[in-house]
Amino acid sequence: MEGNHTQPKFLLLGITDSLCAQVPLFGLFLLIYIITLVGNMGLVLLVWVVPTLHTPMYFFLTHFSLADACYSTVISPKMLMGLFSGSRTISWAGCAAQFHAFAFFVTAECHLLAAMAYDRHVAICRPLLYVTAVSRHVCWRLVGWSYLSAFLSATIFTSCTFWGPFCGPRHIDHFFCDLSPVLSLVCSDIRAREMVVFALATVNGVGTCVVILFSYIQIFRAVLRIRPAPSRSRAFQTCAAHLVSVSVFYGTLFFMYLQPASGHGGLDKVASVFYTVVTPLLNPFIYSLRNQEVKGALGK
């Protein structure tokens, strides 16, 4: 049986085979990608140059925005190239590198979302302890842990996905090198790999989701005790916007990665578009542009 060194290329089938749809999709996704980069990198630059935004909340937001811009860049250029020129081939090494980078940034975002929820929990529920509980040293440790755990997880994900021989034809029914479409091409039994991937995805996804849910339960309990009512309403609106983004991000991730390969179907590409294209576009607006401090900094 042939190994990976004799199978150097894959073919990405892309989002659609319709030639009529490729041109408008290219224009739409190019516009979304540009806005995503401008929004997320603009937020990073804004927090960097405005001293009043040098707080733990915006510290986490800058890393979250950077991760958004990076994992969108890992996916979008190759997808746009396929829509524009029809060039959809990708080498084995390129496919593995794309998947590793994607898994790294997505996993890092899960942990960064949990860190952001922890920050808000301490700020609202234990304000007197905020300076020590969310110090600069603690912030760097949380961010460092996010990147370290993401790198280790992405390495394991990539090893489970790309180790071993692949059966031809090597056509990946997706617009990027994702887990399930690549695993479906592996010649050997993938049940053990699926179990490892499922367990690790559960630890990262469900574990951080539990932290977020617990933090917001405590936040809601504290907000309900706020007087007067308009202040309570504003706090609820802020939490609702955050939770909408968290729900979209985790909902699509759970749909994609917490099910066996046999459970995947035609909705995978739609779900993938949400968390690779739409979510990075929305996050700067949800987390930042609705915030009065950011609006004030932009005005100045």
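## His121, a buried residue

His121 is buried, at a relative accessible area of 9%. Buried means under 20%, with a 1.4 Å probe and protein chains only. This is a predicted model: local features need pLDDT of at least 70, side-chain atom pairs count only at pLDDT 80 or more, and totals for chains, interfaces and linings use all residues. Residues are numbered from 1 along each chain as its sequence is written, and side-chain values use heavy atoms, leaving out hydrogens and water.

His121 sits in helix H3, residues 92–125. Helices are DSSP runs (H or I, at least four residues), numbered from the N terminus. Setting aside residues up to four places away in sequence, His121 touches Arg126, Ser215, Gln218 and Ile219. Contact here means heavy atoms within 4.5 Å. The side chains of His121 and Arg126 also make a polar contact at 3.5 Å. For that term, a pair of N or O atoms must lie within 3.5 Å, one able to donate a hydrogen and the other to accept it.

## Helices H5 and H7

The axes of H5 (residues 136–162) and H7 (residues 191–223) come within 10 Å. They cross at roughly 160 degrees. H5 and H7 are therefore roughly antiparallel, a label for angles over 145 degrees. Axes are lines fitted to C-alpha atoms over the stretch in contact, and angles run from 0 to 180 degrees between N-to-C directions.

H5 contributes Ser153, Ile156, Phe157, Cys160 and Thr161 to the contact. From H7 come Arg193, Val196, Val197, Leu200, Ala201 and Asn204.

## Leu185 in a loop

Leu185 lies in the loop between H6 (179–183) and H7. Leu185 is buried, with a relative accessible area of 10%.

Methods. Helix = DSSP H or I, 4+ residues; strand = E, 2+ residues; numbered from the N terminus. Buried < 20%, exposed > 50% of the residue type's maximum accessible area, 1.4 Å probe, protein only. Parallel < 35°, antiparallel > 145°, perpendicular 65-115°, else oblique.
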